[in-house]
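Please look over the sequence and the structure shown here before reading the report that follows.

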Amino acid sequence: MDTEKKINGHFLAVITIFIWGTTFISTKILLDAISPIEILFLRFIIGFLVLLLVYPHWFSVKEKKQELYFAGAGLCGVTLYYLLENIALTYTFASNVGVIISIAPFFTAFLAHLFLNGEKLRYQFLIGFVVALVGIFFISYNGSSNLKLNPLGDLLAVLAAAVWAIYSILTKKISEFQYNTIQTTRRIFFYGLIFMIPTLFIVGYKPNINQLMQPINLLNILFLGVGASAICFVTWNSAVKILGAIKTSVYIYMVPVITVITSVLVLNERITGFAMTGIILTLVGLFISESKALQYKRSD
């Protein structure tokens, strides 16, 4: 793989994580008006429609079994991941979820090592993982001594991290089918929305149009739909296609870093020495994980 292509892959991953790291503000604002499942459904409906407008071409899979990969990716990366994360937040602390979700790269690395040709787990990745996880712990708890375990919520967060890892493996497999990335992402969204429909009936989904048309709510749901869903899933899937599942997944470490920085700039929150130490450790862990963490084997 040439250097320019690798740089593009890292750039796409950074852009994606930067946007995803700021979505908590939009979600927090929208939660005052609509429920988590409504936010989830609307953002991916918008994302699907945007991708359809940008590239209005459908395609047929070359083999029927490939459809299972798309369905699995939609179930794991769209429906289950966000539902598990949101439900976990109702049973445990946000700080717990933030730390636990950050183990997704470890699950991804383990599954990639088992199921993806050319991606091998290296000790640098494990060292970087530990360093980054300590940093994320510092950021999440921010010097507080109020560390509590909440078994149900924490377990749901672990499951969310695991299903995201499965999503990463499935998207890497999908990239090998050589379809257009926008088309494949839209197909993943389609299945995610299909699997989401039963949940909407269970919770009694009744969109409040007046609330949604409030300028602040409309702008934030559009940001989540266009930016965090349509654009980010395409850029993330493109990064996975270029860099592989493991190298891309380690950028998840940066989400809490971006969140802290955004909180300082947008919400005027104070950054503590504890959080600053966590940011430094997290970035160091990221760099360690990216340094020869994988050995790619050429297939030609």
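In which helix is the place of F190? F190 lies in helix 9, which spans residues 181–203; helices here are DSSP runs of H or I with at least four residues, numbered from the N terminus. The model is a predicted one, in which local features need pLDDT of at least 70 and side-chain atom pairs count only at pLDDT 80 or more, while totals for chains, interfaces and linings use all residues. Residues are numbered from 1 along each chain as its sequence is written, and side-chain values use heavy atoms, with hydrogens and water left out.

F190 is partly exposed, with a relative accessible area of 34%; the classes are buried (under 20%), exposed (over 50%) and partly exposed in between, with a 1.4 Å probe and protein chains only. Together with W58, I194, I197 and F201, F190 forms a nonpolar patch on the surface, and the accessible area of these residues together is about 530 Å². Such a patch takes residues with over 30% relative accessible area and no salt bridge, and joins nonpolar side chains (Val, Leu, Ile, Met, Phe, Trp, Tyr) within 5 Å.

| Pair | N to O distance | Relative accessibility |
|---|---|---|
| E67 and R187 | 2.8 Å | E67 18%, buried; R187 7%, buried |
| K65 and E63 | 3.9 Å | K65 55%, exposed; E63 40%, partly exposed |

The salt bridge between E67 and R187 links distant parts of the chain, since E67 is in helix 4 (residues 66–91) and R187 in helix 9, 120 residues apart.

The structure holds 1 cavity of 30 Å³ or more, where a cavity is a set of points on a 1 Å grid over the protein atoms alone at which a 1.4 Å probe fits but cannot get out. The volume of the largest cavity is about 80 Å³, and its lining residues (those with an atom within 4 Å of a point) include T171, Y179, T184, I188 and N237. Helix 8 (151–175), helix 9 and helix 11 each supply at least two residues of this lining.

Helix 11, made up of residues 215–243, is also the place of N220. At 11% relative accessibility N220 counts as buried, and N220 touches S26, I29 and L30, leaving aside residues up to four places away in sequence; contact means heavy atoms within 4.5 Å.

Notes: Patch = residues over 30% accessible without salt bridge, like charges linked within 9 Å, V, L, I, M, F, W, Y side chains within 5 Å. Areas by Shrake-Rupley, 256 points an atom, 1.4 Å probe, with all protein chains shown as cover. Salt bridge = Lys/Arg side-chain N within 4 Å of Asp/Glu carboxyl O. 1 Å grid on protein atoms, 1.4 Å probe; cavity = no way out; pocket = protein on both sides within 12 Å on 5 of 7 lines; lining within 4 Å. Points joined across faces, edges and corners; volume = space filled by probe spheres on them.
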